[in-house]
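Here are my notes for a colleague opening this entry for the first time. Please keep the structure in view while reading the points below.

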Amino acid sequence: MAKTNKVVSLHSRFIQCIMALTAIILFITSLCIIYLVDKQANQTIANETRVWANILAKISTPFLEENDDVSHIKVTKLLNMELKQAIITPIINRIYVYSLNKTGSIEYFTSYKKNYNFPPASNKPPETSQLNNIQYQENHLELVVEIKKAEQVLGYLLIQSSLIDKQNFIQKLIFIMIILLISSLLIAFVFSQWLFKTTTNPMLNLIEDINKISQSRNYQTTLAKQPYKELEHLSKSINVLLLRTEKHINNFIEEHQHDQSQNQALENRLSARTNALKESNQELLSTLEKLHEFQGQLVETEKMASLGDMVAGIAHEVNTPIGLGVTASSLLADKLSEIQIAFTEKTLKSSQLKKFLTDGDENIAIILRNLERAAKLISSFKKVAVDQSSAESRTFNVRGLVDEVLLTLSAKLKSNNVTVCVECPDDLYINSKPGPINQILINLILNSIHHAFDGVDNAIITISIMNLSDQLHINYSDNGTGIDESMKSKIFDPFTTTKRGSGGSGLGMHLVFNLVTQALDGYITLENENKPGASFDITFPVELAAS
């Protein structure tokens, strides 16, 4: 079953493409903007954290210098107050200050906590691997810097900055982008509707004009000029088509009027024959009813037609020796009259008598030889004719039977320059029906002469006969033009011929098929080998007889 293509609306496809393209562009743009904003915000917060870490480290330097066991609590309080006053930025959540004692160990000094919602840093001294490296957490970042004075490290400062504002801003930006995306899709939908309507209105008008022309069949109408270049090309092509259609219709009308005038003349001529045609039709119906009854007669007629070809050939062959005999006898009669006159007038000479006797012997030999040839031809024809008309079984020599058939058809073979090669044992005697075999060979040879050798210079027919397992095998082939592929499947059907207009009845091969399958109880096949000419294999049961 053929697959049918689904019809898609151009309107829906147009809108889907525009909206999909808009959505993809806005989505990619939004992702890029959010990524750049997030990256830039992280960089800004990190830079600001570094600046504040250095400022607060400088503020903490004098307090770490004054640190001792007596004033430790007072110094930490003062440093805490100083840090609280110094921090004015909202991004800093916590500050931790660690001191480096004389033994080189790091100890917690003081801290400032602005926002308790963030996790506190550990009182454990920071690792040196974190020094000056930004450490990003879920919603904050941390930075550890040294507190130095004159290249002497007094301690460390850990600063914690919030990322909440940045994250809130990103969320707002995402919300804005979503609103922008939805708004843009709505705008794209409205714009695509407007663009599609603007684009397709001329097309709809063009379709409407074509429908009007189709309904009114007024092909002289031309389509209006279109606003778009592509539609203008289409409109011009349609106008050309309409013009050619109009010319074609006019030519058709003229031809139709001419045909009508001729038909009217024919009707006038046929009106006088209507009654005769009615009677003929009645007779034709009755004839058609008897067609099957006459098929057998047609087959018999085909047999007689082949017999007629043999009669014509025999008549031609017999005329030649008889004509020579008549000529020789006339000449002998003339010579005899001359001798009688000379004898009566007593003027007969011995030389004249000697010459008459010599010429007489030659003429009598010619007459005898040609009469024997004619008798042999008539005898062969009579034997073949008797065999054709008889379906009785008898013992006969196969090679002799073939030679008799070739002798009766010698005139046809000579006139058409056809050579027949026979391959058959001379001592092959069988008990079978010679009549059907005669008829089969005659029809095959005549069929080759009539159909196979048009345009063939060296025409050859080959007949190979052998006996195997009480079966007589006959292979008949010629080197003619062969049988068309369209005819091979129906070669044995009745009324199948390639020369129906040239006198062919199409019953020859059908008769051969019937003789092989019915009269001889055998079978015949057409070989389909890719070689020149046609080749038939005939096989039928026989009884081998003693020679």
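**Notes on the model**

1. **Cysteines.** The disulfide count comes to zero. This is a predicted model. Cys421 counts as partly exposed, because its relative accessibility is 33%. Cys424 counts as buried, at 10% relative accessibility.

2. **The surroundings of Cys421.** Cys421 is found in strand β7. Leaving aside residues up to four places away in sequence, Cys421 touches Ile460, Ile461, Thr462 and Ile463. Take Ile463 from that list. It sits 42 residues from Cys421 along the chain, yet the two C-alpha atoms are separated by 6.2 Å.

3. **Overall make-up.** The chain has twelve helices and 13 strands. It runs to 547 residues, and buried residues make up 34% of them. Its accessible surface comes to about 34,500 Å², with 57% of that belonging to carbon and sulfur atoms. Among contacts with a separation of 6 or more, 68% join residues 24 or more positions apart.

4. **The largest core.** In soluble globular proteins, nonpolar side chains tend to be buried together. Here the largest nonpolar core has 46 residues. Ile445, Ile465 and Phe536 have the most contacts inside this core. Both helices and strands supply it: the elements that give two or more residues are α8, β7 (418-423), α10 (434-451), β9 (459-468), β10 (471-478), α12 (508-519), β11 (523-526) and β12 (535-541). Which element gives the largest share? Helix α10 does, with eight residues.

5. **Ile465 up close.** Which residues does Ile465 touch, not counting those up to four places away in sequence? The list is Val398, Val402, Glu423, Cys424, Pro425, Leu428, Leu472, His473 and Ile474. Cys424, one of these partners, is the buried cysteine from point 1.

6. **A second core.** A separate core of 28 residues is also present. Its members include Leu79, Ile147, Ile159 and Leu163.

7. Side chains of opposite charge can pair when their charged atoms come close. A search of the whole structure finds five salt bridges. One of them joins Asp38 to Lys166, with the closest N and O atoms 2.8 Å apart. This pair links distant parts of the chain: Asp38 is in helix α1 (residues 10-65) and Lys166 is in helix α3 (residues 164-216), 128 residues apart. Are the two partners buried or exposed? Lys166 has 12% relative accessibility, so it counts as buried. Asp38 has 25%, so it counts as partly exposed.

8. Arg399 and Asp403 meet through their side chains in a salt bridge of 3.4 Å, N to O. Both lie in helix α8 (residues 398-408); because they are four residues apart, about one helical turn separates them. Arg399 is partly exposed at 22% relative accessible area. Asp403 is partly exposed too, at 35%.

9. **Salt bridges: Glu146 and Lys148.** These two side chains meet at 3.7 Å, N to O. Glu146 counts as partly exposed, at 26% relative accessibility. Lys148 is partly exposed at 40%.

10. **Backbone points to check.** Most residues other than glycine have a negative phi. Glu151 has a positive phi of about 60° and is not a glycine. It lies in the loop between β4 (140-149) and β5 (152-162). Its relative accessibility is 71%, so Glu151 counts as exposed. Asp470 also has a positive phi, of about 55°. Asp470 is found in the loop between β9 and β10. At 48% relative accessibility, Asp470 counts as partly exposed.

11. **A nonpolar surface patch.** Which residues make the nonpolar surface patch of about 390 Å²? They are Ile24, Phe27, Ile28 and Leu31. Ile24 is found in helix α1. Asp38, from point 7, is in helix α1 as well.

Definitions and conventions
Residues are numbered from 1 along each chain as its sequence is written. This is a predicted model: local features need pLDDT of at least 70, side-chain atom pairs count only at pLDDT 80 or more; totals for chains, interfaces and linings use all residues. Side-chain values use heavy atoms; hydrogens and water are left out. A salt bridge is a side-chain nitrogen of Lys or Arg within 4 Å of a carboxyl oxygen of Asp or Glu. Buried means under 20% relative accessible area, exposed over 50%, partly exposed in between (1.4 Å probe, protein chains only). A nonpolar core is a set of buried Ala, Val, Leu, Ile, Met, Phe, Trp, Tyr and Cys residues joined through side-chain atoms within 4.5 Å. Contact means heavy atoms within 4.5 Å. A disulfide is a pair of cysteine sulfur atoms within 2.5 Å. Patches are made of residues with over 30% relative accessible area and no salt bridge: like charges are joined within 9 Å, nonpolar side chains (Val, Leu, Ile, Met, Phe, Trp, Tyr) within 5 Å. Accessible areas come from the Shrake-Rupley method with a 1.4 Å probe; for residues, only the protein chains shown count as cover.
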